[in-house]
Amino acid sequence: MLARRIIPCLDVRDGKVVKGVQFRNHEVIGDIVPLAKAYAEQGADELVFYDITASSDGRVVDKSWVRRIAEVIDIPFCVAGGIKSVADAGLILEMGADKISVNSPALARPELISELEHSFGQQCVVIGIDSFFDQATGQYQVYQFTGDESRTQKTRWHTLDWVKRVQELGAGEIVLNCMNQDGVRQGYDLTQLQLIRKECKVPLIASGGAGAMQHFADVFQQADVDGALAASVFHKGIIPIPELKAFLVEHKLEIRP
Amino acid sequence: MSLVIVDTGCANISSVYCAFQRLGVDAKVSSDLTVIKNASRLLVPGVGAARQAMANLQQRDLIATLQQAEQPLLGICLGMQLLTDHSEEGDVDCLGLIPGQVKRMQVGDLRLPHMGWNTLQVQESAQHHPLLKGIGANDYVYFVHSFAVAPSDTTLARCHYGSDFAAVIGKGNKLGAQFHPERSGAVGARLLQNFLAFNG
C-alpha cells in the first residue's frame, strides 16, 4: 500500500533555515545540511526546501546547498523558489534534487509548467499554490510573491480554477498552502483541502496549520491528501516524527514506520 | 571494482552518484564507449521520458554498447524501463535486454503519478536472488512514475498500486528497479550494496 507522507518543510533564506509566522518575521532555525540529515534519520518521508527569497527579489540565488543535501540524505527532496525556466530547473535536478516546485513563475507564465513536464517528466513538476480565503468575497484566491510581505499580491486566479489549469498543463503534484492557517498551528484547512481534493487527480500535499498530531490524522482521514507538510512543529520539536508516525499507525493510517 | 554511471543525459545522476559515495564507492559518470566497455559494473539512471532518453542514448551512440554489455547492469526507474522491449511513453523501442512492455499504469480512481513510499512483495522464486538479499516482504521503497512493466517471469519483486506491477526485474546480469534505491533509505542502500556484490 502507498503510504501517506510526512514532509518537513525547510524555508531557506541565504542558506539558512528560517521560519516565519504567516510568512512574516523570519527567525533563523539552523543550518540546512545537519537539519536535513536529522529529519531523514528521524523518518521523514520527503523534504521540501523553499528558497523564500528567490521569487520575490529577482536575484540569482546560490543553490550550491542543493548538492550538499543530495550528498547526505537518502530520501527524496524537492526544491522550490525562483525556478523560472527549464534551465533553472535542470540545474537544480542535476545537483541532485528529485523534484522542483514552481509557484510565482508559473502564475506569471503558465506554459512554464508544460515546458518542465516535457523536459523532465510530470513526476518532477510540483506546483506550489498559496491560497487565501477572502472573507469579503467568500472565495479562495491564489496569491504570489508570498516570500516577501511587501510584494505579496493577489492574482486573478480562484484557487480551484488554478488547480485545474496546472493539471492540464502537466503538474505532477500540488502543494496547497492555506495561508490563513500558516504558522498558527490550529490545524489544516480541511474545508478547503476537501474542496481541492475533488478536482486534484495528482498527488496533493496539505500545507499550513499543523499544530498537533491529531491534525495530521484529520487531514489524512478527512481530506484524503497524499502528504502533509509542516515546518514549525518539527523545527521546534513540538512533534517528534517517530511519535507522530506511531500515532498515525495507531489511527490505522498507512505509514512507513 | 569500477562502477560507471552511464550518462544518459537524464537528471538524477547526482543523486545516484551520491548514493554510491555513501557506500564508499567513487563511481565514474561517463558516456564514453571505452570507459563503459571497461567498467566492471554499469548503472543506467533515468528521470524523464522514454522517447527522449532513447534519443539521448542514440545520440551518444550507446545503444549497441549497452545491448552488448556483459558486466552486471542495473537500470533505475526510467533506466529500468529502457532495458525492456518497448515503451508506450512516446511509443519507442527500448534496449530489449529484458522482455517486457512499458505501459501507462491503470489505477482506476487512484492518483498518478504513483508517487511515494510503497511496499515490495518479493516473488517466491526470487527469495534467494542476490540483488534482494536482506530485503524483506513489506519493506518500503520510494516510487515516482506513471508508467510500469506488468509482472512476468523476469519479475523479482512486485508492488501494488491499482494493480500489480514489476518493482524489481532481472534476467541474468541485467537488473532493474522501478523505484529509486538512491532515495529509499536503508532498504535502497541495501539493494545498491547487493548490486555492488552481484556476480551474476
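**Reading the model**

Tutor: A:Asp11 is buried, because 24 other C-beta atoms lie within 10 Å (buried means 20 or more other C-beta atoms within 10 Å of the residue's own, exposed 12 or fewer, partly exposed in between, with C-beta atoms placed from the backbone). This is a predicted model, in which local features need pLDDT of at least 70 and side-chain atom pairs count only at pLDDT 80 or more, while totals for chains, interfaces and linings use all residues. Residues are numbered from 1 along each chain as its sequence is written, and chains are lettered from A and ligands numbered from 1 in the order in which they are written.

Student: Which element holds A:Asp11, and which residues does A:Asp11 touch?

Tutor: Helices (H or I, at least four residues) and strands (E, at least two) are DSSP runs, numbered from the N terminus. A:Asp11 belongs to strand S1 (residues 5–13) of chain A. Contact means that C-beta atoms, placed from the backbone, lie within 7 Å. Leaving out residues up to four places away in sequence, A:Asp11 touches A:Val17, A:Val18, A:Lys19, A:Tyr50, A:Ile52 and A:Ala231.

Student: Which residues does UniProt list for "active site"?

Tutor: The unreviewed UniProt entry lists A:Asp11 and A:Asp130 under that name; such annotations may be inferred rather than shown by experiment. The two are spread over 120 residues of sequence but cluster in space, with a largest C-alpha distance of 14.4 Å.

Student: Is A:Asp130 buried or exposed?

Tutor: A:Asp130 counts as buried, because it has 26 C-beta neighbours inside 10 Å. A:Asp130 sits in strand S7 (residues 125–134) of chain A. Among the residues it touches, beyond four places in sequence, are A:Asn103, A:Tyr143 and A:Asn177.

Student: How is a pair of packed helices described?

Tutor: Two packed helices are described by the angle and the distance between their axes. Here the axes of helix H9 (residues 213–223) and helix H11 (residues 241–250) of chain A come within 10 Å and cross at roughly 45 degrees. H9(A) and H11(A) are therefore oblique to each other (under 35 degrees is roughly parallel, over 145 roughly antiparallel, 65 to 115 roughly perpendicular, the rest oblique). A:Met213, A:Phe216 and A:Ala217 of H9(A) meet A:Leu244, A:Phe247 and A:Leu248 of H11(A).

Student: How many residues does each chain give to the contact of A with B?

Tutor: Chain A gives 29 residues and chain B gives 29 residues. On the chain A side, helix H3 (64–72) and helix H4 (86–94) each supply at least two residues.

Note on methods: Contact = placed C-beta atoms within 7 Å. Axes fitted to C-alpha atoms, helices over the stretch in contact; angles between N-to-C directions.
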